[in-house]
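Biologist: I am new to this one. Please put the model up, and let us go through it by question and answer.

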Amino acid sequence: MVVLPGYKWLEVVPGRRGGRPTVKGTRVSIDDILEMLAAGWKPEEVVEELEIPLESVYEALKYASKALKRVIVVAETPSR
């Protein structure tokens, strides 16, 4: 298991969900949480459906936000 500094509810376990971050002690990935929220689920509904702590939903959002800040997009200029 890999501990993610600054996150109480998230962990990475090699072999679990392809090594993607999950909610501790579950197979619920950050992707699962984000997809449900993007589909219009309320955080409280996600918590009830997946049986995870509400704090883990907010940590998943924090993790995703920080991950996006590390992405660098290189735009190609159109060739003439």
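Biologist: Leaving aside its neighbours within four places in sequence, which residues is Arg-16 in contact with?
Modeller: This is a predicted model, where local features need pLDDT of at least 70, side-chain atom pairs count only at pLDDT 80 or more, and totals for chains, interfaces and linings use all residues. Residues are numbered from 1 along each chain as its sequence is written, and side-chain values use heavy atoms, with hydrogens and water left out. Contact means heavy atoms within 4.5 Å. Beyond four places in sequence, Arg-16 is in contact with Glu-11, Thr-22, Val-23, Gly-25, Thr-26 and Arg-27.

Biologist: Where is the place of Arg-16?
Modeller: Helices (H or I, at least four residues) and strands (E, at least two) are DSSP runs, numbered from the N terminus. Strand 2 covers 10–12 and strand 3 covers 22–23. Arg-16 sits in the loop between strand 2 and strand 3.

Biologist: Does Arg-16 count as buried or exposed?
Modeller: Buried means under 20% relative accessible area, exposed over 50%, partly exposed in between (1.4 Å probe, protein chains only). Arg-16 has 19% relative accessibility, so Arg-16 counts as buried.

Biologist: Which residue forms a salt bridge with Arg-16?
Modeller: Side chains of opposite charge can pair when their charged atoms come close. A salt bridge is a side-chain nitrogen of Lys or Arg within 4 Å of a carboxyl oxygen of Asp or Glu. For Arg-16 the closest N and O atoms are 2.8 Å apart. Both residues of the pair are buried, and the partner is Glu-11.

Biologist: How many salt bridges does the structure hold?
Modeller: One of them joins Glu-11 and Arg-16. Others include Arg-17 with Asp-32 and Asp-31 with Arg-20. The number of salt bridges is three.

Biologist: How many residues apart in sequence are the parts that Arg-17 and Asp-32 tie together?
Modeller: The closest N and O atoms of Arg-17 and Asp-32 are 2.7 Å apart. Arg-17 lies in the loop between strand 2 and strand 3, and Asp-32 in helix 1 (residues 30–38), so the pair ties together parts of the chain. At 22% relative accessibility, Asp-32 counts as partly exposed. The separation in sequence is 15 residues.

Biologist: How far apart are the closest N and O atoms of Asp-31 and Arg-20?
Modeller: Asp-31 is partly exposed at 31% relative accessibility. Arg-20 is partly exposed too, with a relative accessible area of 33%. Their salt bridge has closest N and O atoms at 3.4 Å.

Biologist: Which parts of the chain does that pair link?
Modeller: Asp-31 and Arg-20 are eleven residues apart. The pair links distant parts of the chain: helix 1, and the loop between strand 2 and strand 3.

Biologist: What is the phi of Arg-17 near?
Modeller: Most residues other than glycine have a negative phi, and most peptide bonds are trans. Arg-17 has a positive value and is not glycine. Its phi is near 55°.

Biologist: Does Glu-51 count as buried or exposed?
Modeller: Glu-51 lies in the loop between helix 2 (43–50) and helix 3 (54–69). Phi of Glu-51 is positive, near 55°. At 71% relative accessibility, Glu-51 counts as exposed.

Biologist: Which residues does Ser-29 touch, not counting those up to four places away in sequence?
Modeller: Ser-29 lies in the loop between strand 3 and helix 1. At 0% relative accessibility, Ser-29 counts as buried. Ser-29 touches Arg-17, Arg-20, Pro-21 and Thr-22.

Biologist: In what order do the elements of the protein chain run?
Modeller: The secondary structure comes to three helices and three strands. From the N terminus on, the order is β-β-β-α-α-α.

Biologist: What radius of gyration does the protein chain have?
Modeller: The radius is taken over C-alpha atoms, and the globule rule is 2.2 Å times the number of residues to the power 0.38. A compact globule of 80 residues would come near 12 Å. The C-alpha trace spans about 55 × 30 × 20 Å along its principal axes. The chain's radius of gyration is 15 Å.

Biologist: What share of the 80 residues do buried residues make up?
Modeller: Ser-29 counts as buried, and so do Glu-11 and Arg-16. In the protein chain, buried residues make up 31%.
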